[in-house]
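This briefing is intended for a reader who is meeting the structure for the first time. Please keep the sequence and the model in view while reading.

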Amino acid sequence: GMSVLERLDQELKNRGDLFRRHGVQDLKGYRRAEPDAEMPRILLIIDEFQEFFTTDDRISHDSSLLLDRLVRQGRAFGIHLLLGSQTLAGAYSLARSTIGQMAVRIALQCSESDAHLILSEENTAARLLSRPGEAIYNDANGLFEGNHPFQVVWLSDQLREEYLRKVAAMATQRHLNLPPATVFEGNAAADIADNHLLSEVLHERPKERLAPRAWLGAAVAIKDPTQVLFRRQGGTNLLIVGQQEELALGILTSCLLSLAPQLTSAESVESADSAANGANGAGRLSTFYVLDGTRPESPEAGFWRKLKSELPIDAQIVTTRDA
């Protein structure tokens, strides 16, 4: 969740720089100045936002500052927030000054303390709500005269699925090509096929001679997949410690698949240089030595030899006995 706030904060800064360059103050002015430019509105929805503040730590402090900045400045840049919580009471919650910047509030049945916080000190109408789904809509910063009682809508699972299918169909009809959603599932391993940077390396050999990168897996944040650089300097080594052979094998395989095309490309250039200077070893590609310590009875036994047979990688598979 923190990475989402940081990403939106960066988007806020980027849009601010664009607006200053065009001499405009808001999204409407930018669209008028750049009619062909794409800058969609962004709606951030956080359910149970109080989870940011359950512990008094750095995340709680930083998220409070970022939420406050997005609430105060976001509207002009087309960034809006929709926050939901079961309670606003307690020591760890959104700052009162931040709530004061949110003009529209919806209160369902709640305690008197929550009624004060979500509406205003003089407006405790929310604690008088009695029916399930009965609520108060207030678009006047919680003032009593802004109260509008209403009954919330209820969607069955079947109806909700139907609406979602219609939205998906509408997106298809409008030819919307959006990047895949970033979904973090803490108990699921990352899929190497989703690594677009690795796909680019595999399909288009890099022209620049950069330090080879090995991708380890998906980042637990909205950023590029986690990688390690193998520079030509001391200490450029990688140590992986763990007890799950299958997961370790996944990381090591990802490293091999990442490095092979990059090193082959870089070494080919060096080989051509060496051949021009009359040196030996022209045309030699990178060699990987894999010390296979897999137990014979392990389900993963024989994996490395099978991988070598199926991929054009110059690899020497060494068993523990031959080490």
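The structure is a predicted model, in which local features need pLDDT of at least 70 and side-chain atom pairs count only at pLDDT 80 or more, while totals for chains, interfaces and linings use all residues. Residues are numbered from 1 along each chain as its sequence is written, and side-chain values use heavy atoms, with hydrogens and water left out. Helices (H or I, at least four residues) and strands (E, at least two) are DSSP runs, numbered from the N terminus.

**Asn 123**

- Asn 123 belongs to the loop that runs between helix 5 (112–118) and strand 4 (134–138).
- With a relative accessible area of 0%, Asn 123 is buried; buried means under 20% relative accessible area, exposed over 50%, and partly exposed in between (1.4 Å probe, protein chains only).
- The side chain of Asn 123 makes a polar contact with the side chain of Asn 147 at 2.9 Å, and it also reaches the backbone nitrogen of Ala 125 at 3.4 Å.
- A polar contact is a pair of N or O atoms within 3.5 Å; within protein, one must be able to donate a hydrogen and the other to accept it, and residues adjacent in sequence count only if both atoms are side-chain atoms.
- Leaving aside neighbours within four places in sequence, Asn 123 is in contact (heavy atoms within 4.5 Å) with Ala 115, Asn 138, Gly 142, Leu 143, Phe 144 and Asn 147.

**The largest cavity**

- Rolling a probe the size of a water molecule over the atoms shows where empty space is left.
- On a 1 Å grid over the protein atoms alone, a cavity is a set of points where a 1.4 Å probe fits but cannot get out, and lining residues have an atom within 4 Å of a point.
- Grid points are joined across faces, edges and corners, and a volume is the space filled by probe spheres set on the points.
- The whole structure contains one cavity of 30 Å³ or more, and the largest cavity holds about 50 Å³ of space.
- The lining consists of Leu 256, Trp 304, Leu 307, Lys 308, Leu 311, Ile 313, Ala 315 and Ile 317.
- Helix 9 (303–310) and strand 9 (315–319) are the elements that give two or more residues to this lining, and helix 9 gives the most, with three residues.

- Leu 197, Leu 198 and Val 201 are buried in helix 7 (residues 196–203).
- These residues cover an arc of only 100° around the axis, so they lie on the same side of helix 7; the arc is that of the directions from the helix axis to the C-beta atoms.
- Asn 195 caps the N-terminal end of helix 7, with a side-chain oxygen 3.1 Å from the backbone nitrogen of Leu 197.
- Leu 257, in helix 8 (residues 245–276), counts as partly exposed at 23% relative accessibility.
- Leu 257 and Val 201 are 56 residues apart in sequence and 9.8 Å apart in space, C-alpha to C-alpha.
- Not counting residues up to four places away in sequence, Leu 257 touches Ile 192, Leu 198, Leu 202 and Leu 311.

**Loop residues with positive phi**

- Glu 48, a residue other than glycine, has a positive phi near 55°.
- Glu 48 is found in the loop between strand 1 (42–47) and helix 3 (58–73), and is partly exposed at 22% relative accessible area.
- His 175 is not a glycine, yet has a positive phi of about 55°.
- His 175 lies in the loop between helix 6 (157–173) and helix 7, and counts as exposed at 64% relative accessibility.

Key:
On a 1 Å grid over the protein atoms alone, a cavity is a set of points where a 1.4 Å probe fits but cannot get out, and a pocket is an open set with protein on both sides within 12 Å along at least five of seven lines; lining residues have an atom within 4 Å of a point.
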